[in-house]
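Colleague: I have the model open and want to go through its layout with you. Shall we take it in short questions?

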Amino acid sequence: MSSVRSALEADWLRICRRAVADLERMLADRPSTAERAEETGERGSGGDRTLVIDEAAEGFVFDELDALAHDGYEFTAVSEERGEIDYGDRAVRVIIDPIDGSLNAKRGIPHHALSIAVADGDTMADVVFAFVHDFGPGEEWWARRGEGAWLNGERIDPSVGERRGRDGRLEVLGLESADPRWVAASIRALAESAYRLRALGTVAASLCQVAAARFDGMVSLRRARGIDSAAGQLIVREAGGVVCFPRCEEPLGAPLDAAATSPVVAARSPETLRELARIPA
Ligand SMILES: [Mg+2]
């Protein structure tokens with residue numbers, strides 16, 4: 001074993017890309033819903049029933065983390081199924097959702113993503129590196145704090161603003177936690193804010209749509225887990241957008257764990273962020 005190194009210095013983009021390659025092979029080997037719907041019989045640390053594909057995907061990421069630890073890097077991993085695992089340094093956190101949008105992956109619906117964030121603290125504000133690979137469109141999103149955000153290797157233009165229709169409503173609003181009962185509870189505010197709704201079924205990919213200004217904003221109608229938004233929220237902010245977690249004292253104060261602490265809201269402007277933060281009932 002070599003000397004101790006801060007995991008903040010590791011080549012995270014390369015690590016994430018290697019996990020993506022493994023995950024792509026695994027999903028290609030299990031193309032049908034019958035194969036992808038197979039459950040392990042366990043529940044993850046976030047409470048969802050674990051699918052065999054979730055567990056396999058997480059295994060690929062932990063193979064990379066084990067190799068990193070073997071090379072002397074220290075960190076703490078926080079993952080959907082396994083929970084928190086100590087690799088020697090509690091000050092550096094690696095937050096993993098092996099498949100955000102497992103239901104989509106199971107059913108063959110395009111958007112489902114690997115989400116990995118690296119942080120030098122406990123909250124969303126502390127994320128320094130963010131990676132989301134959306135397997136449906138085959139898009140790679142990543143960001144580094146203070147340096148910008150990239151989509152498929154192209155720097156995302158942070159100056160692109162939102163679009164509103166003649167009546168002042170946002171042209172396209174992304175919606176997550178789109179249980180019809182929760183949509184019903186927020187329907188008035190949604191009708192006032194948006195001309196059209198889009199519900200992709202993954203918080204990570206939905207945040208990325210705001211980063212590229214494809215969505216004018218997004219809102220989760222119920223509390224989302226920290227692992228779902230850890231990477232996507234930095235990608236939005238480094239791409240010129242704004243994010244808040246309205247149930248937290250600080251806008252970016254949500255913890256980086258598998259607990260569902262607050263809804264997540266993202267927009268292209270602070271004014272719209274304030275407007276959208278009122279939508280979750
Ligand atoms: Mg997941």
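Colleague: How far apart do the C-alpha centres of domain 1 and domain 2 lie?
Modeller: This is a predicted model, where local features need pLDDT of at least 70, side-chain atom pairs count only at pLDDT 80 or more, and totals for chains, interfaces and linings use all residues. Residues are numbered from 1 along each chain as its sequence is written. The assignment gives domain 1 (5–155) and domain 2 (170–276); such bounds come from an automatic or database domain assignment. The C-alpha centres of the two domains are separated by 20 Å.

Colleague: Which element gives the largest share of the side of domain 1 that touches domain 2?
Modeller: The contact takes 36 residues from domain 1 and 29 residues from domain 2, a contact being two C-beta atoms, placed from the backbone, within 7 Å. Elements giving two or more residues on the domain 1 side include α4 (102–107), β8 (139–144) and β9 (148–151). Helices (H or I, at least four residues) and strands (E, at least two) are DSSP runs, numbered from the N terminus. The largest share, six residues, comes from β5.

Colleague: Which strands stand at the edges of the open sheet of five strands?
Modeller: The order is β12-β11-β13-β17-β15, with mixed pairing; two strands pair if DSSP finds at least two bridges between them. Each edge strand has a single partner, so one side of it is left without a neighbour in the sheet. The edge strands are β12 (194–198) and β15 (242–244).

Colleague: What is the bridge partner of Leu175 in β13?
Modeller: Strands β11 (residues 170–176) and β13 (residues 217–220) run parallel and are joined by four bridges. In β13, Leu175 is partnered by Val219.

Colleague: At what angle does helix α7 run to β13?
Modeller: Helix α7 (residues 203–211) lies across β11, β13 and β17 (265–267). Axes are lines fitted to C-alpha atoms, for helices over the stretch in contact, and angles run from 0 to 180 degrees between N-to-C directions. The angle between α7 and β13 is about 155°.

Colleague: Within what arc do the buried residues of α1 fall?
Modeller: Trp12, Ile15, Cys16, Ala19, Val20 and Leu23 are buried in α1 (20 or more other C-beta atoms within 10 Å of a residue's own; exposed means 12 or fewer, partly exposed in between; C-beta atoms are placed from the backbone). They line one face of the helix, because their directions from the axis to the C-beta atoms fall within an arc of 135°.

Colleague: Which exposed residues does the face of α1 turned away from its buried side carry?
Modeller: The buried residues are covered by elements including α3 (52–70), β6 (113–119) and β7 (127–134). The face turned away carries Arg14, Ala21, Arg25, Ala28 and Asp29.
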